[in-house]
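Subject: Structure handover

Hello,

Here is the structure for you to look through. My notes on what I found come after it.

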Amino acid sequence: MAHREKYNTWADHTTGVQPFVPIVLPKRSILSYLFGAVLVIIRLPLILVLLVLLGLLSFVNSIIIIPPVHRVFRRFYEVIIARSILYLLGFWSIDTKYVNSRKKNKKPTGIPGNNFGNQDVIVCNHSSYVELFYLAFRFSPIFTAVPNNWDEDNEDPPMNLALKRNLFGALLDIINNREIYDDTCTDIDNIIGKSNAPVVVFPEGTTTNGKILIQCVPVLEGIDPERIHVVGFRCVW
C-alpha cells in the first residue's frame, strides 16, 4: 500500500491515469458472462429503437429555424433519450466531481458542468461512444473532430482547425475510425462563434484505451482560457 500511495504523486486525477500503477480488472465468472449475454439480447433492440427515434427527432429539429426553440427542443429529447441509452448500457449512476482546480484558494461549488454556457469549450478525452451519450445528456453540445492524419515526426500539427459534427457524425467517427484531413476543416473560432451550445473538442484526435494521454492537436490557441473547461472520463471497475 505504501508503494501505491507513493506513486499517487504522478496520478492524473482528472482521467484516472496512473502511469506507474498497473490496472487490475476484477475476475468474472462464467455465470456473469452468460447473464451479460442475455442482457445484450434484451437491451440491444431497445437501444436501436432509441437511436432511430433520436435520428427522427434530430431531423425534425433541423428544420426549426427559430434558434431558442431549436435549442430547447433539442435539450428536451436528448436529455431523455441519451440518459435512457446510458441506463440500458448499464450506467445507472454517474458520479461527477471537481479535481485539479486552478483556483487553489477557492473550491468550486455546485454540480460540475452546470456553469458551462453557450460558446464555452469542453475539452475532454474519450474511450468509446459512451462518453458521447453522456455529453449529449448533460449539455447537448456541438461536437467537433480535429485533424488526425498528420505525421507528428515530420510535420507541424495543424493549428486551430476542426470539423463540426452532430452526435451521429461523432459516433460514426468512432465506429469507422475516420481520418480527418485539415483541408476539410475550418477555423474553430468560426464554429464557436456561431454555436448556441457548448462546443466539445477531443484534442487527441482519436479514442484511447483510457490508460494514457496521447499528444494533442493545438486546436485551442488564442481561445479565452476562462471559457475552456477540461472534463476527464474514467470507468471505475
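Leaving aside its neighbours within four places in sequence, which residues is E131 in contact with? The residues are N125, H126 and F233. Please keep in mind that this is a predicted model.

**Helix α4**

E131 sits in helix α4, which covers residues 130-139. Its relative accessibility is 8%. Buried means under 20% relative accessible area, so E131 counts as buried.

In α4, 10 of the 10 residues are buried, so the helix is largely enclosed by the rest of the structure. Among them are V130, L132, F133 and Y134. R138 is another buried residue of α4.

What do these buried residues pack against? The partners are helices α2, α3 and α5 (167-176), along with strands β1, β2 (142-145) and β5. After α4 comes S140, which has a positive phi, near 45°.

**The whole chain**

Now step back. The protein chain has six helices and six strands. Along the sequence, their order is α-α-α-β-α-β-β-α-β-α-β-β. There are 237 residues in the protein chain, and 36% of them are buried.

The accessible surface of the chain is about 15200 Å². Carbon and sulfur atoms account for 61% of that surface.

**Helices α2 and α3**

Look next at α2 (residues 30-62) and α3 (residues 67-88). Their axes come within 10 Å and cross at roughly 170°. That makes α2 roughly antiparallel to α3.

From α2 they include R43, L46, I47, L51 and L54. From α3 they include H70, F73, Y77 and I81. The residues of this contact divide into 14 nonpolar, four polar and three charged.

Is L50 buried or exposed? L50 is buried, with a relative accessible area of 17%. L50 lies in helix α2. Beyond its neighbours within four places in sequence, L50 is in contact with I81, S84, I85 and L88. Take I85 from that list. L50 and I85 are 35 residues apart in sequence, but their C-alpha atoms are 7.2 Å apart in space.

**Salt bridges**

Side chains of opposite charge can pair when their charged atoms come close. How many salt bridges does a search of the whole structure find? The search finds four.

One of the salt bridges joins R74 and E78, with the closest N and O atoms 3.1 Å apart. Both residues lie in helix α3. They are four residues apart, about one turn of the helix. An α-helix has 3.6 residues a turn, so residues three or four places apart point the same way. R74 counts as buried, at 11% relative accessibility. E78 counts as buried too, at 4%.

Another salt bridge is between the side chains of D120 and R227, at 3.8 Å from N to O. This pair links distant parts of the chain, 107 residues apart. D120 is in the loop between α3 and β1 (121-124). R227 is in the loop between β5 (199-201) and β6 (228-231). Which of the two is buried, and which is partly exposed? D120 is buried, with a relative accessible area of 11%. R227 counts as partly exposed, at 30% relative accessibility.

D173 and R178 form a salt bridge as well, and their closest N and O atoms are 3.2 Å apart. D173 is buried, with a relative accessible area of 14%. R178 counts as partly exposed, at 30% relative accessibility. Salt bridges that share partners join R165, D173 and R178 into one network.

**Where to start**

Finish with the four salt bridges.

Best wishes

Key
Residues are numbered from 1 along each chain as its sequence is written. This is a predicted model: local features need pLDDT of at least 70, side-chain atom pairs count only at pLDDT 80 or more; totals for chains, interfaces and linings use all residues. Side-chain values use heavy atoms; hydrogens and water are left out. Axes are lines fitted to C-alpha atoms, for helices over the stretch in contact, and angles run from 0 to 180 degrees between N-to-C directions. Helices (H or I, at least four residues) and strands (E, at least two) are DSSP runs, numbered from the N terminus. Angles under 35 degrees count as roughly parallel, over 145 as roughly antiparallel, 65 to 115 as roughly perpendicular and the rest as oblique. Contact means heavy atoms within 4.5 Å. Ala, Val, Leu, Ile, Met, Phe, Trp, Tyr, Cys and Pro count as nonpolar, Asp, Glu, Lys and Arg as charged, and the others, Gly among them, as polar. Buried means under 20% relative accessible area, exposed over 50%, partly exposed in between (1.4 Å probe, protein chains only). Accessible areas come from the Shrake-Rupley method with a 1.4 Å probe; for residues, only the protein chains shown count as cover.
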